[in-house]
Structures are given as structure tokens and as C-alpha cells.
Amino acid sequence: MKRPERARKQWWGLALIALALISLPFALAAAGTAWVRIANLAILFIFLSLGLNIVVGFAGLLDLGYIAFYAVGAYAYALLASPHFNLHLPFWVILPIGALTACVFGVLLGAPTLKLRGDYLAIVTLGFGEIVRIFLNNLSRPVNITNGPQGISRIDPVRIGDINFSRSDSLLRLDFSGPIKYYYLLLALLLLAIVINLRLQHSRIGRAWEAIREDETAARAMGINTTRIKLLAFAMGASFGGVAGGMFAAIQGFISPESFVLVESIMVLSMVVLGGMGNVWGVVLGAVLLSFVPELLRYTVEPLQKALFGKSIIEPEVIRMLLFGLALVLMMLYRPAGLLPSAVRKRELAKAEEGTD
Amino acid sequence: MNTVVAPWNEGRALLECAGLSKRFGGVLALGDVEFCIGRGEIYGLIGPNGAGKTTLFNVLTGIYPCDAGKFRFDGASLSGLRPDQIAACGIARTFQNIRLFGNLSALDNVMIGRHVRTQAGVLGAILRTRSTLAEEAAIERRALELLAYVGLAERANDVARQLPYGDQRLLEIARALATEPKLLALDEPAAGMNATETLELRRLLERIRADGTTLLLIEHDMKLVMGLCDRVLVLDYGRRIAEGPPREVQRDPRVIKAYLGAAAEGTAEA
């Protein structure tokens, strides 16, 4: 009796969530198209966090240069679908190419860092992220590949058949603007990413990642080829970044190296850590919070100050960073394993604390 | 697992080592060590602290490369292979200072041991193909069987780190057995166990041997070594000083000297 009842409740819950997600862009559009764009960027960041979660959360390899793969994916899209080289491939061809290119870069980064752990790995990956950005900045001479700091503009929007994602269409008296169409496309990709993440976690490969994270020597003695399994984590994580980057290029229509700075890497890492690394739903929550809360502040802090003091005393950007810092400190104190930690990760961090006491 | 294998003196040797040497800077950890283990044998490795027993284990399982010498296992040379390749060839080990995946469940620990005998890759995991699902179910079934085999069936969902010490040692054995080893190398399996647990361990090891796995064990519990091992190798300062059935080795003056010092040699002779 109990089980079917619970299953039915779960289905109702899922149906409600699905309904909310489907109607969300129209609710947001009522508040302004800017909010739909913010939601789209948030989905991109969830996507990125899920990719980084494979490297950091599952395999336990601290990667501070993750945004480089996002950049690789974005440039792959931009170069293959813009007037820059006068190539205009359809997006469903470019996204896999972007994923593959990012994947190759992931292995390129992974290979020399296999023997490094913890802080050392973090520093090398950080360097890698910067190298990619600096390359993008300078690969405009002698042959102009990336167009340097000016970036690449007029990137083709996504087109599926006759549907052009840069224009508005109306269907059933609903106005589907460009961002709303992108929202649904991104949502579909995100669902796919979540399924891939969950399935990888509970698989032979996922267990091997866990083993490496827990004790590399024991993992090797149990017959796990740590080299291959680590490279696999880098490659998988990087392909997620590549796909997200491609979508970013398509949505924005313009990219430049400025979008791929170190702070972005740190931001994605914070999303993973805040939500609870290793737990897919935690990571999703972390990414949603860190994407939306700053935007909410931007829209509330200034009017609030005006109402209270009659003028703006502190800039919203400053308050944003202030609250961000405060949130990080509080997290470290009260929930070091994240808001929704994975059970295993929680135990790991509890143990680390015992060790330092 | 239920086949009984011919006694060790029939057929070829399972593991043959010759001239194994390992130096750490100026310290000779292993000097020209030679021995061979027959199929189905329980082979003991004893010696005072610092004699090079664990170093020998680490060389055999590929964690340290050896400076000189070679070893053949099951007819193939294993020199220079990586630990995971050696595990794939059929040598599994436990660790002196237990190295379980402490934050994972007992079941997960054993399931990870199945990694080397299974093959599902990323695509299989993402698509959940029928073969992947079947393999996954088989992994779990086998892991539960092995937990029951070592007597930890009730502990499957417990966190490894929170298990009692003796159970952690048993779990390490179950995890090693999951790799389907031909040779199971145990580094002080009875350390930290009380008398009852040691007795149960002895029964378990005898059962593992009866089920066809050859055993190599480092152990300080002499009662266990004497009762269990067919032959023992004694190391001292990295060199082989005696080898043979436990009763003979026990009386060897060089062994007594190594364990009790030169003064004891005098009293033993007197």
C-alpha cells in the first residue's frame, strides 16, 4: 500500500516542478525580458557547475581553470558560425565539435597534472586557465584566428529548421521571444546533463572516481588505472564546459576573452562548493543561488537605499561582494560540506575537521 | 570459489622471485631476496620490524619499482608493471595500516574491488545499456556474496571507517577477493585482533585457500603463522635468512638471533 502511494506523490511532485519550469520564462518575461536572460545565464552556470562537479566533486581533483573549457567551447562555436571565417555551420554540428575540442583540451591539461594533488594541482590548473585566456587575447597575429581582445561578433543564433532563436514567434497566442526559446533549449540540455551526471555517479566509473578521491594508492592496488580514470574525469568535465561555452556564444552573439577570466572559474567553483560538491542536486542549488541572488540584490539594494536614506550610499556591486564574502564565511563555519552535501563528502569533511583539532 | 585446488607441490610455482633488491638511499631494504610460492600454498613472511617485509609487498604489487631482480607470476614476468596491471594479473593485497575507502559503505568498498574484472565504460553508464545494467547487478550480487563470505553480511551498508577494527581487516580481505586474485597478499591481517577474532580469521584464511586462492601473509602473531603456514620465509635487514616449514625455521639459530639478539643466541646454545 505504502509504496504506490509514495510513488504517486513523487510523480505529482515531479509534475509540479516540470510545470513550474515550463511556465517560469513567461512569469519572468512579465517582469522584464532581462530576467529571462538572467535565467538563461543561470542555466548555463548550472551546466558548468555540473561539469566541474565531475572533476572536483566526483574525482576530487581541484580545478581552478575550468572556465578555459567554457572559453574553448565558446570560441569553437564563434569561429564555426560567424562571419569571422565566413563559416555558418548549424548548432547541432558545432556543439559536439565544441564538446570534443574542450575534451581534448581537458586531456591536454590532465596529462601533465596526473601526479599533482590538492594545492599543486589547483595552481597548475589556474595557470592553464590563464594561458588559454592569454592565447585567445593574442591569437590575432600573424594570422587572425581569435580576433584578439576585440572578440568575435555577429555570431549566428541557433536555428532549428525554420525557428530562428534570435526572433520572436507567437504560438497559441503566447509570445515566444528569443530568450524564451533559448530557455527551453537550455532546459532540455540541462536535463540531459543532470541525467548524465547522476548516471555517471552511480556507475562503475563513478565508483572508481570515488575510490581515487578516497585513497589513490588503495585504488591502484585494487586494479584501477588511475591515469585513465583521472583523464576521463577531466575529459568529461571539459566537454560539459565546451557545450556550455557553445550555447553562451550563440545566446550572446558576441564573445571576447574578457568573459573568461579567473573570477569566473572561482565563481563556478563556489557554486559547486556552496551547494555541496559531489551531490548533483546540491550543485544545482548552489548554482541557482549564486546566479540569482546577486541579480536580485542589484534590483533591490538601490531602491531600498533610496527609500531609506533618499540617496544611494553604497553601490550595489559593493554590497554584492560584501554579502558574498559574508555568505562564504558563514558557510565555512556552519555548513562546510555545502548546503546539500553528499553523504560521503559530509563524512570526509567531518573527518578532516577531527584531524585538525 | 567452491573448487578445491590440488596441493601446492603439484604443478608449477605460482610466484617465483629471484635477486629482488631495493634501496632507499643508503638503506638496503631488500637484498637479493629469492623465494617461490607454490599454487594453493599458504606462505608466511616473517622477520623483525624493519626487516623489509612490507617493502617486499610493495615491490610485488608494483607500488615500488625494484632496483634489481625479477619476478614471474603464473608464468609471466611482472617486473615493471603498474599496480593496477599487477592487480589485473591476479595479485591482490591488503595494507598493514588499513587503507579502506573509509567514507564509503562496506558494500561500495567491495564493489570497487570488482572494477578490474568488469568493463562498463562512460557510454554504457550514460545510456544504461542492458549489458551495463546486468553487469552492475552482477557486481552488487558478487560483492554481497563476498561480504557474507568474510562474515560481514549485516554490515553491508555501514560506513567502512565506523566498523570495528577487526571488521575493517575482514572488509579489506573481501575487497581484495573481489578482484579475483590468484595470490592474496595479506599484510598483518591479525594485527589488532583479539584471540577469538584471530581464530575466526584463521578459519577464513583456510577456507580461502581451500577455495583455490594462494596466500602470502606477513604476520607477527607466531601462533597463527605456525599453525597456518605451509612454509615461511624469514627476512632480516632485507636479507633472506631462512626458509622452510615453520617448525624447522623456528629452531634455526639465525632466526632466533634475529629475533632475540646475539645474547639470546648464546643462551639458546647453552
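This passage describes the two chains of a predicted model, the contact between them, and selected local features. Local features require a pLDDT of at least 70 and side-chain atom pairs count only at pLDDT 80 or more, whereas totals for chains, interfaces and linings use all residues. Residues are numbered from 1 along each chain as its sequence is written, and chains are lettered from A and ligands numbered from 1 in the order in which they are written.

Chain A contains 13 helices and 6 strands, where helices (H or I, at least four residues) and strands (E, at least two) are DSSP runs numbered from the N terminus. The radius of gyration of chain A is 21 Å, close to the 21 Å given by the globule rule for 357 residues, so chain A is as compact as a globular protein of that length. The radius is taken over C-alpha atoms, and the rule is 2.2 Å times the number of residues to the power 0.38. Along the principal axes, the C-alpha atoms of chain A fill a box of roughly 60 × 60 × 55 Å. Buried residues account for 45% of the 357 residues of chain A; a residue is buried if 20 or more other C-beta atoms lie within 10 Å of its own, exposed if 12 or fewer, and partly exposed in between, with C-beta atoms placed from the backbone. Of the contacts in chain A between residues at least 6 apart in sequence, 73% join residues at least 24 apart, a contact being a pair of residues whose C-beta atoms, placed from the backbone, lie within 7 Å.

Chain B comprises 11 helices and 10 strands. Its radius of gyration is 19 Å, close to the 18 Å that the globule rule gives for 270 residues, so chain B is as compact as a globular protein of that length. The C-alpha trace of chain B spans about 70 × 40 × 40 Å along its principal axes, and 46% of the 270 residues in chain B are buried.

The contact between the chains takes 25 residues from chain A and 29 residues from chain B. On the side of chain A that touches chain B, two or more residues each are given by α6 (178-201), α7 (204-214), α8 (216-221), α9 (226-252) and α13 (343-356) of chain A. The largest share of this side, 7 residues, comes from α7(A). By class, the side of chain A that touches chain B has 12 nonpolar, 4 polar and 9 charged residues; Ala, Val, Leu, Ile, Met, Phe, Trp, Tyr, Cys and Pro count as nonpolar, Asp, Glu, Lys and Arg as charged, and the others, Gly among them, as polar. Helix α7(A) is mostly covered, with 11 of its 11 residues buried; among them are A:Arg204, A:Trp209 and A:Glu214.

A:Gly253 lies in the loop between α9 and α10 (262-275) of chain A. With 16 other C-beta atoms within 10 Å, A:Gly253 is partly exposed. Leaving aside neighbours within four places in sequence, A:Gly253 is in contact with A:Ser153, A:Arg154, A:Ile155 and A:Pro157.

In chain B, B:Leu146, B:Leu147, B:Tyr149 and B:Val150 of α5(B) meet B:Leu170, B:Ile173, B:Ala174 and B:Leu177 of α6(B). The contact of α5(B) with α6(B) has 8 nonpolar, no polar and no charged residues.

Notes. Contact = placed C-beta atoms within 7 Å.
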